[in-house]
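Visitor: Could you walk me through this protein? I'm new to this, so please keep it simple.
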Amino acid sequence: MKLGRAEDPDFTFKVMVVRTLWPGATAHEVELQVTERIEKKLQEVAWVDVLRSNSRAGESLVFIILKDYTPKSDVPDAWYQVRKKIGDIKQTFPAGIQGPFINDEFGDTFINIFAVTGDGFDMARLRHEADRIGRELRQVPDVKKVELVGVQDEKIYVEISHAKLATLGIDPLQIFDALQKQNAMASAGFFETESDRVRLRVSGEFRSEESVRALGVQVGGQFFRLGDIASVKRGYTDPPAPRMHVQGQPAVGIAIAMNKGGDVIKLGDRLRTEVARLQKDLPTGIDVQVVADQPEIVRQSISLFMSSLTEAVIIVLAVSFLSLGLRTGTVVALSIPLVLAITFLLMELFGIDLQRVSLGALIIALGLLVDDAIIAVEMMVVKMEEGWDRFRAATFAYTSTAFPMLTGTLVTVAGFTPVGFARSSSGEYTFSMFAVVSIALVVSWVVAVLFTPYLGYKILDAKKLQAKAQKHGENIYDTPGYRRLRAAVEWCVHRRWLVIGVTLAAFALSLVAFNKGIEKQFFPPSDRTELLVDLWLPQGASLKATEAQALKVERLLLDEPEMKKSVRQFASYIGNGSPRFYLPLDQQLFNNNFAQFVVVTHSLEAREDLKRRLETHFASENADWHGGMANVRARVLRLEMGPPVGFPIQFRVSGEHLGDLRRVAEEVASVMRANPHVRDVNFDWNEMSKSVRLDVDQDRARALGISSLDLSNSINLLLSGLSITQMREGDQLVDVVVRAKGDERARISALGDINIRTASGRYVPLAQVAKIHYELEDGLINRRNRLPTVTVRADIRDSTQAPVISAQINPELNAVRAKLPPGFQIELGGATEESAKGEDSVRAVMPWMLMAVITLLMMQLQSIGRTVLVLLTAPLGLIGVAIALMLFKVPFGFVATLGVIALSGMIMRNSVILVDQIEQDEKAGKPTWEAIVGSTVRRFRPIMLTAAAAILAMIPLTRSVFWGSMAISIMGGLIVATALTVFFLPALYAAWYRVKVG
C-alpha cells in the first residue's frame, strides 16, 4: 500500500502568533501602545474568534484564534489578511519597536527531534555540528523544514569600567566609533582597465576577539589599545537564550517537520539512516540522540491497529462460518478482502492516510461491511432451501434486496454525517472516520449486489440446502428455535402497550443516567508513554533561577532509583516549551520563568508510577525542592488527545480595572478550592514583578546637559550592553557588545555609583541626578478580546471528569457574578468549553442528517407512518449505551458522542429491513398480524447476524484508549437495539396501525 502514515489526522491549526519587542517599556506601556493597536486592527480580520495576548516588560505576544468552524480553505487568506493589517499599522507604533514578527506555522508538528550533545565541547561547536547535520537532513525527501532548538548565539563582549573611563576622560562614544569604523564593510572602488575590472579590498575587519582587543583608540592626543582599557572576551548570549538539555547535558536540538501527505515511517527510516551516516563523521565525543520519535510511535500504533484489524476480521469470519456454514460463510468471507482492497484504493485517491482515526474507522466499518453480503447470501440460501435453482435464487437476491440494502446502507452512512460535516477542530480531527466508513459501506453494497450473488451462484450447493430444508418439512422456519421466537414475538404484539410502556420507561431512565450517573469527558488522555513536567516560577524570575530549579528535577530523574528505573530518557527546555512534537500539544512560548520536561518512560505502567512519585515529591515539604524558591509550581501531566485544552478546569474573569480583576479572581479561586475534586488552583497571571524606578531631577539633569534618553541609553549600555558591530565568521554573525564589567553590572546596590557623562565631558554619579526607588509593577498582563483577563485554573484530584466538576462549580459562582463591577464577566473555559464547541458543531449538522434519513426512508418505504416508525427506533440505542457505560464505568466523551449518532443509523438500517419485509408481506395478501409476526421471524437471522458481526468486531477497539468509549457505546447500544427491533418494533407497528389480534 502507498497510503501515507501518520500518528494523528491532519487538521488545520487555526492559531497565529504575532510577537513584538519594545525594549525598555513596562508591561502596561506594551499593553496600551503595542498590544492594543494590534488587537484593535486585527478585529477587522474575517473569521477571527478570539484575540488572546500576553503583554510583559519589553514584549507583546498576540495569539489570533480563528473560529472553530472556519473553512480550511479560508485559513491561508485569513493569515494573509493578518499580515496585511499588521503592515498597515506599522508606522503607528512607538519608536524603538522591533517587529512585529509573525508566525503562521505555529501548528507545525516536528516528527523527529534529534539532540546534539558532546561532553567537553562548547555550545558553539555543538551548534556548528547541528547546523551541518540540519543542512544535510533538509535534502531528505518529504522534509518540510528543519529548525535548531536551544541555540546560544556567540558574542564578543567588550567590558568597560565606567569608573576607569571617567578617570581617563574617555567618552564611550569614541570606543563605539572606533569599533564601527574599523569593522565597516564599505566599497573601496575599482580600476577599469581595457580588459578587466579590478576591485580594491581594504583589510581591517575583525576576524577574532584578538583583533578586537588590538583595536587602537585615540583620545585627546593619547593612543590606547582597546585591550588596555577594556576586557575583551568571547562568550554566549547573556542573559542566556532559552536552553535545551538532554539527560542533564546541554544540547542543541534539530527539529524536523514533514511535508503534508508524506509517509512518516518511511521518512523516519530515511532520517535515521542519514543521521547514522553523519554520526560517523562527527568528532569523538559528540553524539546525536533521538529525543522525539513519531515514526516509531506510528509504527507501533499501526502494528497494534493492524493486529486489532486482523482480530476483527477473524471474529467476523467466525460469525459467518459458525452461523451460516462453510459454503455460505465462504461467500461472505470472500467479500471482506475485496471490499477492503477497493476501500484502500479509494482512500489513496482521496488522500486519506493511515492514522489513529482512519484505522479505527476501518475496524468500525469491518463490522458493518459484511451486512449487505450476509443479507444477500441469506436470501439466496432461503430461496434454495425453498427449492429454487442457483441462478433464479441469485437473480432474486439481487432484485429483491439491492434497493432496500442501498437505502439501509445510505441510512447508516447518514448516521455518520455529523462526524464528517461538523465544522469544528474536533470535527476536522475525526473527519476520516466518516470518510472511511462511508467509502467502505458504499463499496460493500456494490460488492453485495454485484459480486455476492455471483459468488453464491458459484459456491452454494442448492441440492444440499434443499435436503437440509426437507428435514424441517415444507416450512424452513418450523424449527424449535423459530417456534419459540414466534411465540415471543406474538406475546409482545399481543401485549403491545406493556412492551411499549416498559421500553419508554427504560429510555427515560437512560436519559436520567446520562444526566446524573455517567461522567462526561472531552477526549481521553493519550496512550503515549511521555509525561510532561511543567515548572512555573513567579512572574519576573530570571532564566538563571528557572534553570536552577530545572537542574533539581534533572538530578531527581537521574539519581532517584525508583524514578530512574521508569525513565527511558528525558529532555528539558528552559525558558520555552518543547517544540510541537505531538499535534495536540499545548505549546508554551517565551517565558523566562518557565521550564518544561518531556520524559519518555518505558511503559504506560511506568508512566503512571513516575507521575505518582513526582506529584508526591513536588507536594511534599522537601527542603531541597522548596529551598530558596517556595513559590515554584510544578505540574505533571499526560499528553492530551484532540484539540489542546491545557488545565481541564478553567474559569475566565474579564474586566477593565486590574485591582478589581485581581479581587474577583481571588473570589473565584476560593470557590474552586472549596470543591473536593480539584487541586492546585492557580492563575495564569496575577503576580507583580520587581522593578527599580529612577526619578530624574530634570532641572539638575538639564543643567548638566543630560536628557532622559541619554540617561536610559547610558544605563542600558552599562547594564545590558549595546551591540556596536558584527564580526563575520563563516555564515555566522557574531555581535560585538560593549557593556560594564561584571561587578559593576551585577550589583543593584551599586546602581547609584554609575558614572554618567555630562555635556561638558565630565562624569557625575547617577545618584546626583536621580533618586532610586524599589517597587513592584505588573510583570504580565493577559487579555482576551481586548479585555484584561485572569484565568483561574485547576487540575483534577481524583478520577472525576472535568465537565462534571465544572458543572458543580459554575452554579456556585453565581453569588460572585451577582456582585461583579460593571463590565466584568466570568466565563466557563477548559475542557467543558472545548467539548461544547465540538458538540455544538455536531448538533448543527443533525437537522441535515435527519432530512437525509427521512428522504431515504420515504423513497424506500413510501409511507409517512412507516417512516416515523423507523425514526422512533433510532434513539432507543441510548438504553444499551447507558447500561454499557455504567457497567464498565467508562466516561461519555466526544468520540462516544459520534458513536451514538452513528449507532442511530445502524439501528434504523435494521428497522428498515424489518418494516420493508412487513410491507412486502402485506402486499402479497397476508393478514397484517401474520405479516408482522412472520416477517420478524424470517428477518430474525439476517438482523441478528449483521448485529453480531458489528458488535463482535468492536471487541478489539475496546482496548483502545481513544476508541474504547465509542466501541463500548456501540456494542451496548446495538445489543439492546437489536432486541428492541425484534420485540419492540413489531409491538409498536401493531399499536401504530391498530392491528387486531390474529
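Visitor: How far apart do the centres of the positive and negative side chains lie?

Guide: This is a predicted model, where local features need pLDDT of at least 70, side-chain atom pairs count only at pLDDT 80 or more, and totals for chains, interfaces and linings use all residues. Residues are numbered from 1 along each chain as its sequence is written, and side-chain values use heavy atoms, with hydrogens and water left out. Lys and Arg count as positive, Asp and Glu as negative, while His and the chain ends are not counted; each charge is placed at NZ of Lys, CZ of Arg, CG of Asp or CD of Glu. With 111 positive and 108 negative side chains, the two centres are apart by 5 Å.

Visitor: What share of the residues counts as buried?

Guide: Buried means under 20% relative accessible area, using a 1.4 Å probe and protein chains only. The protein has 998 residues, and the buried share is 56%.

Visitor: Is Phe 651 buried or exposed?

Guide: Phe 651 belongs to strand β20, residues 649-654 (strands are DSSP runs of E, at least two residues, numbered from the N terminus). Its relative accessibility is 0%, so Phe 651 counts as buried.

Visitor: Which glycine does Phe 651 touch?

Guide: Touching here is a contact, meaning heavy atoms within 4.5 Å. Leave out residues up to four places away in sequence, and the partners of Phe 651 include Val 668, Met 672, Leu 828 and Gly 829.

Visitor: How far is Phe 651 from Thr 758 in space?

Guide: In sequence, Phe 651 and Thr 758 are 107 residues apart. From C-alpha to C-alpha, the distance in space is 54 Å.

Conventions:
Buried means under 20% relative accessible area, exposed over 50%, partly exposed in between (1.4 Å probe, protein chains only). Helices (H or I, at least four residues) and strands (E, at least two) are DSSP runs, numbered from the N terminus.
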